[in-house]
Amino acid sequence: MDKLSKEQILASSRGWVASILNFLPGVGAGYLYQRRWLQYFFTVGAVTAWFSIGIILRGDQEPSQSEQLIGIAGLFLISIITVVEANLAFKKAVKIITTKKEETKTSIKKGWFK
């Protein structure tokens, strides 16, 4: 059995499922679905850094409503970026796979004498 390439694994997933999983939890769960571990850890690191910066800047004080909205907007921005990136990576992988299939079809000669 052949070992699947990264493009084959990514193209076999569904782009819309990865996009929804990246958007709703907001921590890159779609990357786990696509088996893209490095992007997942970057997303988790970005979310952790966003929370940590907010905690460090506020200290022991309770955040105001505008500061809470800024925190939520940052998480929303991270999730939107991951949605777009996951969808673009899926489309790129599908394009690579289809061009490889077309190349193999044209390289195979049919006929009596090969």
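I take helices (H or I, at least four residues) and strands (E, at least two) as DSSP runs, numbered from the N terminus. This is a predicted model, in which I require pLDDT of at least 70 for local features and 80 or more for side-chain atom pairs, while totals for chains, interfaces and linings use all residues. Residues are numbered from 1 along each chain as its sequence is written, and side-chain values use heavy atoms, with hydrogens and water left out.

Val44 has a relative accessible area of 27%, so I list Val44 as partly exposed. I then checked Val44 against Gly28: their C-alpha atoms are separated by 7.0 Å, and the two residues are 16 apart along the chain.

Thr43 also belongs to helix α4, which covers residues 37–58. Because its relative accessible area is 7%, I note Thr43 as buried. I count a contact when heavy atoms lie within 4.5 Å. Leaving out residues up to four places away in sequence, Thr43 touches Val27, Gly28, Tyr31, Ile78 and Thr82.

**Entry: Arg35**

I looked up Arg35 in the loop between α3 (29–34) and α4. Its phi is near 60°, a positive value in a residue other than glycine. With a relative accessible area of 54%, Arg35 is exposed.

**Entry: nonpolar core**

I define a nonpolar core as a set of buried Ala, Val, Leu, Ile, Met, Phe, Trp, Tyr and Cys residues joined through side-chain atoms within 4.5 Å. The largest one has five residues, namely Leu10, Ala11, Ala89, Ala93 and Ile97. At least two residues of this core come from each of α1 (6–12) and α5 (65–107). The most come from α5, which gives three. I also listed the contacts of Ala89, which touches Leu10 and Arg36 when residues up to four places away in sequence are not counted.

**Entry: aromatic pairs**

I pair rings of Phe, Tyr and Trp (its six-membered ring) if their centres lie within 6.5 Å; planes under 30 degrees apart are stacked, over 60 edge-to-face, and the rest tilted. By this rule I count two aromatic pairs. The rings of Phe23 and Phe76 have centres 5.8 Å apart and planes at 75°, so I record this pair as edge-to-face. The pair links distant parts of the chain, 53 residues apart: Phe23 is in helix α2 (residues 15–23) and Phe76 in helix α5. Phe23 is partly exposed at 33% relative accessibility, and Phe76 is partly exposed at 46%.

Note on methods:
Buried < 20%, exposed > 50% of the residue type's maximum accessible area, 1.4 Å probe, protein only.
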